[in-house]
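This report looks at one helix and its packing, and at a few loop residues. The sequence and structure come next.

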Amino acid sequence: EHPEVIPFLSSRHQKASPDFLASAELRNVLARCLSRVRTRRNKVYVYINELCTVLKAHTLRRKLALASAPAAAAAAAAVPSQPPASPQPPASPAAGSSRPPGGSKRQIRYLENLLRVYMGEIRRLQERELDLAELDSEDSTYLQESRLKRKMMRIFERLCQLKQCSSLTGRVIEQRIQYRGTRYPEVNRRIERFINRPEAFPDYTDILKVIQKASARHSLGLAQRQMESMAQDAFREVGNRLQERRHLDLIYNFGSHLTDQYRPGEE
């Protein structure tokens with residue numbers, strides 16, 4: 001009854017990237033939308049909106065903009081700033097834009113809606129039964145779920161930028177580890193800074209190099225045997241604390257919505 005919907009969907013489809021159009025993710029989204037439309041005809045435009053949201057997130061123009069932004073920022077940082085040819089008068093508040101420094105409400109609403117769509121797709125993938133033949137497939141349920149979760153993390157980080165808020169979620173893995181294992185504050189600071197880097201799990205050689213650099217940088221005059229002994233002690237302590245933090249994070253975050261209602265002893 002609304003023929004203009006078909007050309008609109010067709011235009012969205014044509015703007016999407018070829019890789020996404022050939023992906024299992026799009027097939028799953030289409031299958032889910034079609035099945036919902038057949039059972040709930042009165043909400044057909046809700047499901048069309050979900051489909052358009054996913055297609056819009058994979059347009060070539062949007063992907064190109066997101067991919068070129070870090071490269072442009074790096075290039076701008078590499079080029080030394082040139083002094084202006086002539087001094088410019090400061091802009092008056094009246095002449096400036098009244099737009100807030102963060103993202104617009106439309107951008108934020110769009111990303112929040114996209115997160116909800118992906119969350120629903122992840123829940124659907126978790127509820128699917130996985131057979132042995134699918135384990136060797138490049139489009140297995142587990143791999144699709146992993147790709148969607150990575151996309152959600154990128155969307156969440158972008159959403160935090162637009163909202164001008166911290167992206168920290170309160171997980172144990174995000175908690176900073178303090179180190180005071182030696183009597184040299186310079187060494188302690190460098191070890192603490194090193195072990196709190198993202199995805200850091202140093203070995204003995206890494207810790208030894210950190211101590212050697214701290215000794216040379218601050219002229220501590222540490223002997224080689226003394227630095228090796230300090231590195232051994234620091235490596236044992238740091239390794240245990242990092243392992244304990246990862247173990248607690250796994251305990252608190254491992255699971256699925258399928259087991260949220262499970263209670264031991266209940267059938």
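## Loop residues with positive phi

Q164 is found in the loop between α7 and α8 (185-195). Helices here are DSSP runs of H or I with at least four residues, numbered from the N terminus. The phi of Q164 is positive, about 55°, although Q164 is not a glycine. At 53% relative accessibility, Q164 counts as exposed; the classes are buried under 20% relative accessible area, exposed over 50% and partly exposed in between, with a 1.4 Å probe and protein chains only.

S219 sits in the loop between α9 (204-217) and α10 (224-253). Its phi is near 55°, a positive value in a residue other than glycine. S219 counts as exposed, at 65% relative accessibility.

## Basis of the model

This is a predicted model, in which local features need pLDDT of at least 70 and side-chain atom pairs count only at pLDDT 80 or more, while totals for chains, interfaces and linings use all residues. Residues are numbered from 1 along each chain as its sequence is written, and side-chain values use heavy atoms, with hydrogens and water left out.

## The start of α3

S23 lies in the loop between α2 and α3. At 18% relative accessibility, S23 counts as buried. At the start of α3, a side-chain oxygen of S23 comes within 3.4 Å of the backbone nitrogen of L26. A polar contact is a pair of N or O atoms within 3.5 Å; within protein, one must be able to donate a hydrogen and the other to accept it, and residues adjacent in sequence count only if both atoms are side-chain atoms.

The 16 residues of α3 should span 22 Å at 1.5 Å a residue, and its end C-alpha atoms are 23 Å apart, which agrees. The expected span is 1.5 Å times one less than the number of residues.

Buried residues of α3 include L26, C33 and V37. The buried residues of α3 pack against α2 (18-21), α4 (44-57), α6 and α7 (141-163). Contact means heavy atoms within 4.5 Å.

## α3 against α6

The axes of α3 (residues 24-39) and α6 (residues 105-127) come within 11 Å and cross at roughly 90°. That makes α3 roughly perpendicular to α6, a class that covers angles of 65 to 115 degrees.

E25, N28, V29 and R32 in α3 meet V117, Y118, E121, R124 and L125 in α6. The residues of this contact divide into four nonpolar, one polar and four charged.

Note on methods:
Axes fitted to C-alpha atoms, helices over the stretch in contact; angles between N-to-C directions. Helix = DSSP H or I, 4+ residues; strand = E, 2+ residues; numbered from the N terminus. Parallel < 35°, antiparallel > 145°, perpendicular 65-115°, else oblique. Nonpolar A, V, L, I, M, F, W, Y, C, P; charged D, E, K, R; others polar.
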